Amino acid sequence: MTRSACALVLFLTSGVAFGQAPATPAKAGPFKRLPDGKPDLQGIWAAGTFSPADDVEDHPVDRFQIRAGKSIIIDPPGGKIPYQQWALDKKKDLFEHHMYEDPEAHCTLSGVPRQMYAPFGFQIFQPAGYVVIFFEAFHAFRIIPLNGGPHPPESIKMFEGDSRGRWEGDTLVVDVTNQNDKTWFDMAGNFHSDQIHVVERLTPVDADTINYQATITDPKVYTRPWTIGFAINRNKRPGYELMEFACVEGEQDLQHYTAGEGAKK
Amino acid sequence: MMRLGAQFLIAVLLSGAALAQTRTADGKPDLQGIWQARNTAAGDLEDHGASQGIPAGRRVIVDPPDGKIPYQPWAAAKRKENYNHRAIADPLGKCFLAGVPRITYLPFPFQIFQTPQFIAIAYEYDHATRTIALNGSKHLEDIDFWMGDSRGHWEGNTLVVEVADLNEQTWLDLAGDFHSDSMKLVERYTRTGPDTLQYEVTIEDPKVFTRPWKISMPLYRHTEKDFQIYEYECHDYLEEARKGAPK
Amino acid sequence: MSKRTSILLLAAFALWRGAPAWAHHSFAAEYDANKPITLKGTVVKMDWVNPHSWLHIAVKDKDGKTVEWNCETAPPNILYRGGWRKTSLKEGDEVTVEGFQAKDNSATMSAQNVTTADGKRMFAGSAESPGASKNGDK
């Protein structure tokens with residue numbers, strides 16, 4: 001491939017060309033509402049950019065030829081995760097030497113917010129009293145009750161955590177606790193502890209766009225909370241359906257990762 | 001006059017079940033809630049004595065009347081072989097998806113959600129999901145899935161779900177009851193009271209069985225305060241055990 | 001259509017399909033982009049599994065010995081949406097598989113294109129393989 005074509009591919013696949021920032025209202029009409037007046041978010045969606053799946057921060061093409069991408073961190077303004085020093089050292093070590101410990105490579109759930117920008121999209125249902133999200137990746141699901149009930153005790157840890165939602169005007173605010181420490185934010189070793197607390201805000205912009213933001217707090221790992229943001233776009237292909245993605249049943253890659261990369265055999 | 005009155009009374013009594021149905025906003029029977037089976041079908045669909053980890057129990061097979069799965073002779077032999085090796089041969093032991101109908105009667109709860117267009121079922125075991133379109137769409141062709149491809153419609157108070165595209169890699173229970181990739185199912189979910197749901201499945205597989213057969217069992221709604229389904233990330237526990245790490 | 005345009009379209013195709021880098025650098029970790037390989041063989045079987053499917057082919061090496069090669073492809077959901085079916089390939093079908101060799105010297109490769117005896121060429125590459133952007137150079 002020529003250099004310029006290569007650069008073109010990198011540019012296109014970096015997500016920049018496909019509008020990773022919260023979208024300006026497009027030709028799509030206004031979003032629909034449910035009978036109770038709340039926004040109707042039902043349908044199949046996907047993150048407008050999958051760059052954060054590689055690395056949530058700015059990143060050049062890395063040693064694995066993964067494409068470059070821009071940070072989705074909108075606060076702090078520098079677009080970098082505000083790690084405590086020990087945590088920054090740990091992240092660097094994970095990135096340099098332990099990338100294959102990324103739990104996603106082991107077919108486990110991605111946690112929140114990573115599940116929202118994991119590949120293959122998701123489907124939103126709004127039955128009475130809930131927002132329910134089924135993801136194609138790993139057949140993950142998130143059940144978000146809207147009834148103001150309590151989170152489970154912190155002794156019950158889950159990969160995907162526990163979500164509780166409420167509407168503030170047209171914004172769905174989701175409070176996520178009870179996550180374990182086993183998930184990463186991306187493939188680049190960006191991590192958290194089991195004290196992580198995430199507050200998401202999903203605001204429909206028009207019929208085909210949701211503005212997604214998530215504020216992450218973890219006093220064990222970061223010096224302050226930080227916030228990511230990106231657009232979620234509706235999949236409008238007629239007849240499109242999610243398909244089963246059963247990972248552990250057929251996973252055959254790990255055995256081939258070469259030893260020189262510090263991989264498992 | 002009396003005769004009419006008696007007929008009316010009988011009609012009212014017969015439709016008692018219909019009167020007891022709660023309905024969703026779009027007028028369909030409301031099957032929503034967190035449900036769980038309370039039997040030992042996950043151990044063995046047929047009558048069985050107790051064995052390691054499995055209590056004794058009666059069959060959930062209602063047809064054929066003798067309660068025995070109508071295997072073809074070669075398949076009956078294979079089932080015996082499965083049974084003898086079940087400790088290592090059961091795909092569930094490797095944390096593979098449980099398939100249908102086994103996912104319904106595993107000892108884990110699941111939650112049914114309903115919209116006018118979909119039934120969405122979230123299972124605690126291995127966070128399995130089933131999305132059942134109610135729009136008359138067709139099964140995908142030329143592909144198979146661990147949890148199959150499910151399409152549903154209402155028949156009176158019953159949700160009827162047709163399941164196709166099941167792969168041949170799942171078992172129907174721990175005892176080694178199995179099927180091929182030609183298996184097709186018709187599930188029927190009928191609310192029989194505020195906290196009970198009758199679950200019936202007709203199982204057809206011309207490669208393995210001599211005729212279709214049917215299972216039936218009640219499912220019970222969880223009514224404990226603040227009950228919710230949690231997470232069972234099966235293969236993570238397997239990996240931890242392999243590493244020798246503490247849980 | 002110019003090479004540049006076809007690359008542009010294919011990149012758009014890959015993104016539109018929602019198929020970004022999956023399975024964790026598995027391409028560059030397992031395969032060598034500098035070791036392209038083209039194999040002619042017969043289909044043994046195809047495992048339609050995640051996160052990548054595997055096409056097993058029997059290839060006669062230069063000594064006439066048959067070696068079974070494992071060719072990694074995109075996962076079933078991507079293959080299916082790209083028009084592949086489980087019946088697209090049958091045991092015994094003659095195929096030509098283009099791709100990149102594994103780094104660990106096993107008979108493993110990352111498949112980019114599969115051409116059947118009737119000349120039909122199907123793209124098979126996982127999204128993070130180089131072919132995901134090269135496809136279209138016919």
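This note comments on the predicted model above, point by point.

1. Basis of the note. Residues are numbered from 1 along each chain as its sequence is written, and chains are lettered from A, with ligands numbered from 1, in the order in which they are written. Because the model is predicted, local features need pLDDT of at least 70 and side-chain atom pairs count only at pLDDT 80 or more, whereas totals for chains, interfaces and linings use all residues.

2. Confidence in chain A. The pLDDT, the predictor's confidence in each residue from 0 to 100, averages 87 in chain A, and 83% of the residues there score at least 70. Two residues are in contact if their C-beta atoms, placed from the backbone, lie within 7 Å. Residues 258-265 of chain A also have a pLDDT below 50, with 16 contacts beyond near neighbours in sequence.

3. Interface of chains A and B. Contacts link 28 residues of chain A with 26 residues of chain B. On the chain A side, strand S3 (122-125), strand S4 (130-135) and strand S5 (141-145) each supply at least two residues. S4(A) gives the most, with three residues. By class, this side of chain A has 18 nonpolar, seven polar and three charged residues. Here Ala, Val, Leu, Ile, Met, Phe, Trp, Tyr, Cys and Pro count as nonpolar, Asp, Glu, Lys and Arg as charged, and the others, Gly among them, as polar.

4. Overall build of chain C. Chain C has four helices and six strands, in the sequence order α-α-β-β-β-α-β-β-β-α. Helices (H or I, at least four residues) and strands (E, at least two) are DSSP runs, numbered from the N terminus. Of the 138 residues in chain C, 48% are buried. A residue is buried if 20 or more other C-beta atoms lie within 10 Å of its own, exposed if 12 or fewer, and partly exposed in between, with C-beta atoms placed from the backbone. Among the contacts in chain C with a separation of 6 or more, 56% join residues 24 or more positions apart.

5. S1(C) and S2(C) pair in the antiparallel sense over five bridges; two strands pair if DSSP finds at least two bridges between them. C:Met46 stands opposite C:Leu55 in S2(C), and six residues lie between the two strands of this hairpin. The loop between strand S1 (31-47) and strand S2 (54-60) holds C:Pro51, which is joined to C:Asn50 by a cis peptide bond with omega of about -5°. S2(C) also pairs in the antiparallel sense with strand S3 (residues 66-72), over seven bridges. There C:Lys60 has C:Thr66 in S3(C) as its bridge partner. Five residues separate S2(C) and S3(C) in their hairpin, and C:Gly64 in the turn has a positive phi of about 85°.

6. Backbone points in chain B. A cis peptide bond with omega of about 5° joins B:Val100 and B:Pro101; B:Pro101 is in the loop between helix H4 (86-89) and helix H5 (102-105). B:Asp126 is not a glycine, yet has a positive phi of about 60°. B:Asp126 lies in the loop between strand S4 (118-123) and strand S5 (129-133) and is buried, because 24 other C-beta atoms are within 10 Å. B:Asp165, likewise a residue other than glycine, has a positive phi near 55°. B:Asp165 is found in the loop between strand S7 (158-164) and strand S8 (184-193), and counts as buried because of its 20 C-beta neighbours inside 10 Å.
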